[in-house]
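Dear colleague,

My notes on what was found in it follow.

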Amino acid sequence: AFSRSSSNQPRSSVWTSGGWGSNNALPSIGGEAKFVRAVNCPTRNEVFFAAEDLGRDINVVIFNGTSWGTPRELTNNSSTTSDRAFDVGYEQQSGDGLVVYWNNAAGRIGYRTWNGTTLSGESLLTLSGAFSAHYLTLCPRPDSDQIILLAANDDGEKRLSAAVWSGAAW
């Protein structure tokens, strides 16, 4: 997945044994994407895609193996476009998706789950200490539904915090 300058439609291309296929437009996310992230589901023919645009909106779109769904905006204020304030990942056993993002209005990390059919409503995660996350990454544990979240802030201390998703809760 990638973005093109001055376009509100990210693009994707699939690698096969013969090389890269043609690139195709995803649905419009409303603005030019600054950061994009796409991950494959380990149990279904599915791709979980997220993008942060230059307006600090974070959107997700799911590819169901045939077509892209409708984009869903998670937040309209991630507070930054200098770092990737979101990530997506899949639990490796169940195939459930997890998306995390900085919700500046709430002052906390927002997260939602995807079960292959439904994207949950927003829940909020508070990390210990005063924290403003500007870079988030998810690391799924092989053969498990655990996913580690690493969150870096951008204050003068440059702290890194972590939380472990069990497959059901932090």
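A word on accessibility comes before the findings: buried means under 20% relative accessible area, exposed means over 50%, and partly exposed lies in between, with a 1.4 Å probe and protein chains only. By that scale Arg44 is partly exposed, with a relative accessible area of 29%.

This is a predicted model, in which local features need pLDDT of at least 70 and side-chain atom pairs count only at pLDDT 80 or more, while totals for chains, interfaces and linings use all residues. Residues are numbered from 1 along each chain as its sequence is written, and side-chain values use heavy atoms, with hydrogens and water left out.

To begin with the whole, the protein has 0 helices and 15 strands, where helices (H or I, at least four residues) and strands (E, at least two) are DSSP runs numbered from the N terminus. Its radius of gyration is 16 Å, close to the 15 Å that the globule rule gives for 170 residues, so the protein is as compact as a globular protein of that length; the radius is taken over C-alpha atoms, and the rule is 2.2 Å times the number of residues to the power 0.38. The C-alpha trace spans about 50 × 40 × 30 Å along the principal axes, and 41% of the 170 residues count as buried. Taking contact as heavy atoms within 4.5 Å, 42% of the contacts between residues at least 6 apart in sequence join residues at least 24 apart.

Turning to the sheet, 4 strands form an open one in the order S5-S6-S7-S8, with antiparallel pairing; two strands pair if DSSP finds at least two bridges between them. Strand S5 (33–40) and strand S8 (72–75) stand at the edges with a single partner strand each, so one side of each is left without a neighbour in the sheet. Strand S6 (residues 47–53) and strand S7 (residues 58–63) run antiparallel and are joined by 6 bridges, and Phe49 has Val61 in S7 as its bridge partner.

Asn59 also lies in strand S7 and is buried, with a relative accessible area of 5%. Leaving aside residues up to four places away in sequence, Asn59 touches Ile29, Phe49, Ala50, Ala51, Asp53, Pro71, Arg72 and Glu73. Of these, Arg72 is 13 residues from Asn59 in sequence and 5.3 Å away in space, C-alpha to C-alpha.

How many salt bridges does a search of the whole structure find? There are 3, a salt bridge being a side-chain nitrogen of Lys or Arg within 4 Å of a carboxyl oxygen of Asp or Glu. In one of them Asp87 pairs with Arg37, with the closest N and O atoms 2.6 Å apart, and this pair links distant parts of the chain, since Asp87 is in strand S9 (residues 86–90) and Arg37 in strand S5, 50 residues apart. Asp87 is buried, with a relative accessible area of 0%, whereas Arg37 is partly exposed at 24%.
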